[in-house]
Amino acid sequence: MATLEHWYWLNMKNNLEAGELWASGLQNNYGTPSISLVKGIGASVWDVEGNEYLDFLGGIATNILGHAHPKIVSAITQQAKELGHVSNLYSHPRVLELAEKLKSMTGQESAKVFFCNSGAEANEAALKLSRLTGRKRIVSTVGSFHGRTFGALSITGQVSKQKPFKPLLKNVVFMPYDDLNKAKRAINKRTAMVIVEPIQGENGVVVPELGYLKALRELTTKHGVLLALDCVQTGMGRTGEWFGYENEGIVPDVITLAKGLGGGLPLGAMIAIGECASLFTPGSHGSTFGGNPIACASALAAISVLESEELLARNKSLELTLKLELSKNPIVSSVRGSGLLLGIVLKNEVAKDFVAKLQNVGVLANATSDSVIRIAPPLVVTDEQINEFIEKFRKVAQTYER
Ligand code: PLP
């Protein structure tokens, strides 16, 4: 029978109450959210008080097709009716289909996929794979973000995130991002793997010079080192390409994915290409939920919509519109990024205040630092919603002009 507390929970009326419940029931690692979301359609969400927001954060680059996309709802409903979960002691059609699809997206016949549930786990898998080369040294980049588990945190180039949890993995070297001379010094024959994001998302959507990844590919090939591209945030069409590195015309050894991959459901993948694709042998690694049928069905539905509606190509034109229009605001110093992963760099250190004001006018975004606002809306965002965002951004920007 429902207790009084249970009744209260189900009838929660406002954001304040939700915040109180959060603070009493959940640990404080995220802080207490100021709003509680109860419903979403496409790029719109509603909070418990019925307020509507333009979701320009998309679950932090995760809701690639927005909320409640009918194709995803139908795929996961159907799959739940057929087969909700199996262990990896058995195969099932969705995991086979998705592995084939991801292989074809890499364009590499030798590609093989390991499925897990998150970005951190995908990078953990890459780390373990790299150990099987016989080398131990990892080269990562300053400012990078690769996840919060111990291995992934060890290769995350942010002192503030690492410090409370030391000691971390040994043999990790950090080189400045987008600095080829430093890369030449950091990478050598003792290096097992270089891991790098095509765009540093959490660091404020930092885009390297064209040619950086290609040069890293050449350096790693020269020294027999694995090149792992962490495409967790840039992947699944967000930048206008499947993974976010294709403009460099290179083939990495390892690609890690999560966020947009599951179309909103928890799913990660570590794709190994070439010789390293056979390093894992039975017992090397595993995950109970990795490749879960429902998550795979959702991913397949998402990819199918991205393809049939040509959303990757559309991304590029939305990028141009957003860059052009947002740059017109005097407070904006630049808009960087690719496709629908953009960092709006402000001249003043008011990003957090700006984001709070955006929320007050019904727009969700986030500040990656005091001066950078990140937007990563669903790829199904409508032209009208793009215009509404530009207009609301302009109104908030004007409040800083007086
Ligand atoms: N790698 C990158 C590039 C990310 O942006 C993130 C999350 O923001 C991760 C890894 C970690 O992903 P998860 O939170 O799913 O573990």
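Biologist: How far from an oxygen atom of the ligand does a backbone N or O atom of G119 lie?

Modeller: Please note first that this is a predicted model. A polar contact is read from a pair of N or O atoms within 3.5 Å. Here, the backbone of G119 places an N or O atom 2.8 Å from a ligand oxygen. Side chains contribute as well: an N or O atom of Q233 is 2.7 Å from an oxygen of the ligand, and one of E202 is 3.4 Å from a ligand oxygen. Of the 390 Å² of accessible area that the ligand has on its own, the protein covers 82%.

Biologist: Which residues are the closest to the ligand, and how many surround it?

Modeller: The shell has 13 residues, and G119, A120, D230, Q233 and K259 are the closest. By class, six are polar, four charged and three nonpolar. Helix α6, residues 119-131, supplies the largest share of this shell, with three residues.

Biologist: Let us turn to a single residue. Is A111 buried or exposed?

Modeller: A residue is called buried when its relative accessible area is under 20%. A111 counts as buried because its relative accessibility is 0%. A111 belongs to the loop that links α5 (93-106) and β4 (112-116).

Biologist: Which residues is A111 in contact with, beyond its neighbours within four places in sequence?

Modeller: Those contacts are with K103, T106, I271, A272 and I273.

Notes: Residues are numbered from 1 along each chain as its sequence is written. This is a predicted model: local features need pLDDT of at least 70, side-chain atom pairs count only at pLDDT 80 or more; totals for chains, interfaces and linings use all residues. Side-chain values use heavy atoms; hydrogens and water are left out. A residue is near a molecule or strand if one of its heavy atoms lies within 4 Å of it. A polar contact is a pair of N or O atoms within 3.5 Å; within protein, one must be able to donate a hydrogen and the other to accept it, and residues adjacent in sequence count only if both atoms are side-chain atoms. Accessible areas come from the Shrake-Rupley method with a 1.4 Å probe; for residues, only the protein chains shown count as cover. Helices (H or I, at least four residues) and strands (E, at least two) are DSSP runs, numbered from the N terminus. Ala, Val, Leu, Ile, Met, Phe, Trp, Tyr, Cys and Pro count as nonpolar, Asp, Glu, Lys and Arg as charged, and the others, Gly among them, as polar. Buried means under 20% relative accessible area, exposed over 50%, partly exposed in between (1.4 Å probe, protein chains only). Contact means heavy atoms within 4.5 Å.
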